[in-house]
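Here is a short briefing for a first look at this structure.

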Amino acid sequence: MTNELSVPDWTGVTASLLLVGLAALIAYRQRLNLTRELLIAAARAGVQLIAVGAVLLILFRHTGLPGALGWVVLMVVIAGFVAGRRGAGLPHARRSATLGVAFGSAVTLGALILLGVISTHARVVVPVGGMIVSSAMQATGIALRRLAEDARHNRDAVEARLALGLSAHDAFLPYRRSALRTALIPAIDSTKVVGLISLPGAMTGLILAGVDPLTAIRYQIVVMYMLLAATTLAALAATRVAEQTLFDPVQRLVSVAE
């Protein structure tokens, strides 16, 4: 099946740069002040992908499952750093984000491996782990950002609930739920319309690789379900950890920087 597939060689990749040049020309002629950023982004993406491709080549050939899991851990650390910036102002935002991403990823990926849904080959664990970590990162970042905004803008309401005798957990519960809803809506919406207005990446990749569409769909269903689980678990864990950092030992709401 894969013999029928036309895979671009390096000449084709170089030729695709013409499209980047076209985009840069349009940005320049329209005076968008984005030409330099566009070219840097394209160059950076190319270098990053080549470097990652070289690392994955070594990983797949020589390290097996331990190396794949080590790579996933590295992705979790980077994802926690990125998502933590979305929660700027929250105390220990990066720690909350990293713990959230790690929890959602570990439970989801661990369940898939232990239940035998995916194989333990590195070339399977790494891309599936990447999808899980990426999804968990996005949900965690959105949740922490919303949590920080609510902590700033609803300080009086939270303190009023504390004054009525509610615990810190109960006083902040409506805002934690609001942050979770905001974080989960993109994943829920994309799940609702999957296949109708978009063909997801995993399914598209398998079809491009020559896999039967029904097999690709089966794989995509697993992917969609695991992403829903990962986003939910990651956002829940991150908001729970972040919520605890918002109150001091005597349950007073700390100030959240802008």
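The largest pocket has a lining of 19 residues. Nearest its centre lie L49, V52, G53, L56 and W71. Keep in mind that this is a predicted model.

**The largest pocket**

- The space in the largest pocket comes to about 900 Å³.
- Helix α2, residues 35-86, gives the largest share of the lining, with eleven residues.
- α4, residues 122-153, also supplies at least two residues of the lining.
- Sorted by class, the lining holds 13 nonpolar, five polar and one charged residues.

**The nonpolar cores**

- In soluble globular proteins, nonpolar side chains tend to be buried together.
- The largest nonpolar core in this model has 26 residues.
- Within this core, V72, L109, V128, I132, V133 and M226 touch the most other members.
- Two or more residues of this core come from each of α2, α3 (93-114), α4 and α8 (213-245).
- Another core, of 21 residues, lies apart from the largest one. Its members include A148, A168, F172 and F247.
- Which residues does V128 touch, not counting residues up to four places away in sequence? They are L109, L112, I118, Y219 and M226.

**I142, in helix α4**

- I142 has its place in helix α4.
- Leaving aside neighbours within four places in sequence, I142 is in contact with T182, A183 and P186.
- I142 and R86 are 56 residues apart along the chain. Their C-alpha atoms are separated by 7.0 Å.

**T231, in helix α8**

- T231 is found in helix α8.
- Is T231 buried or exposed? T231 has a relative accessible area of 3%, so T231 counts as buried; the cut-off is under 20%.
- With neighbours within four places in sequence left aside, T231 is in contact with S135, A136, A139, L184 and A187.

**To take away**

Terms used
Residues numbered from 1 in each chain as written. Predicted model: local features only at pLDDT ≥ 70, side-chain atom pairs only at ≥ 80, totals over all residues. Heavy atoms only, no water. 1 Å grid on protein atoms, 1.4 Å probe; cavity = no way out; pocket = protein on both sides within 12 Å on 5 of 7 lines; lining within 4 Å. Points joined across faces, edges and corners; volume = space filled by probe spheres on them. Helix = DSSP H or I, 4+ residues; strand = E, 2+ residues; numbered from the N terminus. Nonpolar A, V, L, I, M, F, W, Y, C, P; charged D, E, K, R; others polar. Core = buried A, V, L, I, M, F, W, Y, C linked by side-chain atoms within 4.5 Å. Buried < 20%, exposed > 50% of the residue type's maximum accessible area, 1.4 Å probe, protein only. Contact = heavy atoms within 4.5 Å.
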